[in-house]
Amino acid sequence: MQEKYIDETKQGEAFAIAEKAENSKKLFLESYGCQMNFSDSEIVASILNEQGYNTTLKVEEADLILLNTCSIREKAEQTVRMRLSQFKNLKKEKPNMTVGVLGCMAERLKTKFLEEEQLVDLVVGPDAYRDLPNLLKETEDGRDAINVILSKEETYADINPVRLGGNGVTAYVTITRGCDNMCTFCVVPFTRGRERSRDPHSILDECKSLWESGYKEITLLGQNVDSYLWYGGGPKKDFAKASEMQKATAVNFAQLLDLVAKAVPEMRIRFSTSNPQDMSLDVFRMMAKHDNICKYVHLPVQSGSNNMLQAMNRQHTREEYIDLIKKAKEIVPEVAFSQDMIVGFCNETEEDHQDTLSLMREVEYDYGYMFAYSERPGTPAHKKMEDNIPADVKQRRLAEVIALQGELSRKRMKSYVGRVHQILIEGTSKKNENQWKGRNSQNAVCVFDKLEGQKIGDIVDVFVFDNTQGTLLGETVK
């Protein structure tokens, strides 16, 4: 289990990269929400680096402040609004400073940001980052600037993203943008647009470049990576209109995995996030075929109840989900799964809740991200369904889901004890500077004593002798 059960994902991380001597302006770039936003921030930093901006970790010295925002939950939006309010005095001191909002919250609220948050000069959606240089010229001329046009084509495939922060060992490679699934609770299709895939050649080039730069692990990233489908460009929904040649030469996610695994055979490969109805057993066959594809899948289910899955428009049943898990474990016996779970969705009964708990027991997840349902404006659920589960009931059910996941996590962590695991050293343990931390193939965190000659980026054989709820305790095999 991860150290936090309820993870609102990363909140408010600012990163800086090496300065260019010729750049004279300073950019403070802070990211919120999912890993896609953090990956997008690397694209933004790359674009602005060419426009004369060096990144800074000191907000008070910035000429340009950009917040890359998340709309997935109300709490995430509240956090951004609070952060913007903190910049008001700074803006008074530096009236020429530009403040902008990027990402999903910008896409959802659009001009409201300019009207309600008098501090904001710039509003840019996830598909409009190439337009930043033009938009910044507008703000320099004293005008508010906005571009929230969603694209059916944009994948930023030709932009080599700078790597913000990080450990120089693990990196994210975006392979798809947008989502077509239209889950009733989710705002993503409205903030990130139609699903489209990136040219596989550009993906392979980026992966090779990362390996040559010393990276040892990549995560292929998308709102729904299993739905990856390259047939020459354009939205996935238009694949039916593709030519026979395009269809014959199309590349799906399992085939992309195969290509990446062969292109960088010593690079560890992960992927996120997956969607059950789009997950192919061929993906697990590739996982079994290639040692460098990690044996771990984040496979959100959201509920164990067919009633709730139908209300959420999840496009799969409880039975189909469980069958997928069983077949995956037959193909890759050592595979591990994690989950996303929403409790207290509209009209959820006690029986629906018990169905969720029973599904969790059957699957035995390594860990999970669990939330009480919060209504998101503009979603089908907000428009057509009543958020009618009392807050105290939501919190009680959430507590039960969290407690059960804790039991399952301890059980799963214990199953790794008494065995040797290959651990990629990612850094020093937060709790003990004399220990390394890293993850095994199943994404379980392991800590072990540092030995002379070991360094970040090494893959080390570690014997795991004990575990806590969320961490494996090991020692290097000499």
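This is a predicted model: local features need pLDDT of at least 70, side-chain atom pairs count only at pLDDT 80 or more; totals for chains, interfaces and linings use all residues.
Colleague: Why is Cys 70 called buried?

Modeller: Cys 70 has 7% relative accessibility, and buried means under 20%, so Cys 70 counts as buried. The residue sits in the loop between strand 4 (64–69) and helix 2 (74–86).

Colleague: What makes Cys 34 partly exposed?

Modeller: Its relative accessibility is 31%. Cys 34 is in the loop between strand 2 (25–33) and helix 1 (35–49).

Colleague: UniProt, in an unreviewed entry, places the feature "binding site" at Cys 34, Cys 70 and Cys 104. How do you know that they gather at one spot?

Modeller: They span 71 residues in sequence, but no two of their C-alpha atoms are more than 10.4 Å apart, so they gather at one spot.

Colleague: What makes the phi of Asn 443 worth a remark?

Modeller: Asn 443 has a positive phi of about 75° although it is not a glycine. The residue lies in the loop between strand 19 (435–439) and strand 20 (445–449). With 7% relative accessibility, Asn 443 counts as buried.

Colleague: Asn 313 also has a positive phi, of about 60°, without being a glycine. Is Asn 313 buried or partly exposed?

Modeller: Partly exposed: the relative accessible area of Asn 313 is 32%, and buried would need a value under 20%. Asn 313 is in the loop between helix 12 (306–311) and helix 13 (318–331).

Colleague: Why is Arg 439 called buried?

Modeller: The relative accessible area of Arg 439 is 17%, and the cut-off is under 20%, so the residue is buried. Arg 439 lies in strand 19. Beyond four places in sequence, its contacts include Glu 217, Arg 268, Arg 270 and Glu 426.

Colleague: How do you know that the span of helix 16 is close to the expected one?

Modeller: Helix 16 (residues 391–415) has 25 residues and reaches 36 Å from its first C-alpha to its last. The expected span at 1.5 Å a residue is 36 Å, so the reach is close to expectation.

Colleague: Which elements do the buried residues of helix 16 pack against?

Modeller: They pack against strand 16 (336–343), helix 14 (350–363), strand 17 (367–372), strand 21 (459–467) and strand 22 (471–476). Among these buried residues are Leu 398, Val 401, Ile 402 and Leu 408, along with Arg 397 and Arg 412.

Terms used:
Residues are numbered from 1 along each chain as its sequence is written. Side-chain values use heavy atoms; hydrogens and water are left out. Helices (H or I, at least four residues) and strands (E, at least two) are DSSP runs, numbered from the N terminus. Buried means under 20% relative accessible area, exposed over 50%, partly exposed in between (1.4 Å probe, protein chains only). Contact means heavy atoms within 4.5 Å. UniProt positions are given in the numbering used here, feature names are shortened, and annotations may be inferred rather than shown by experiment.
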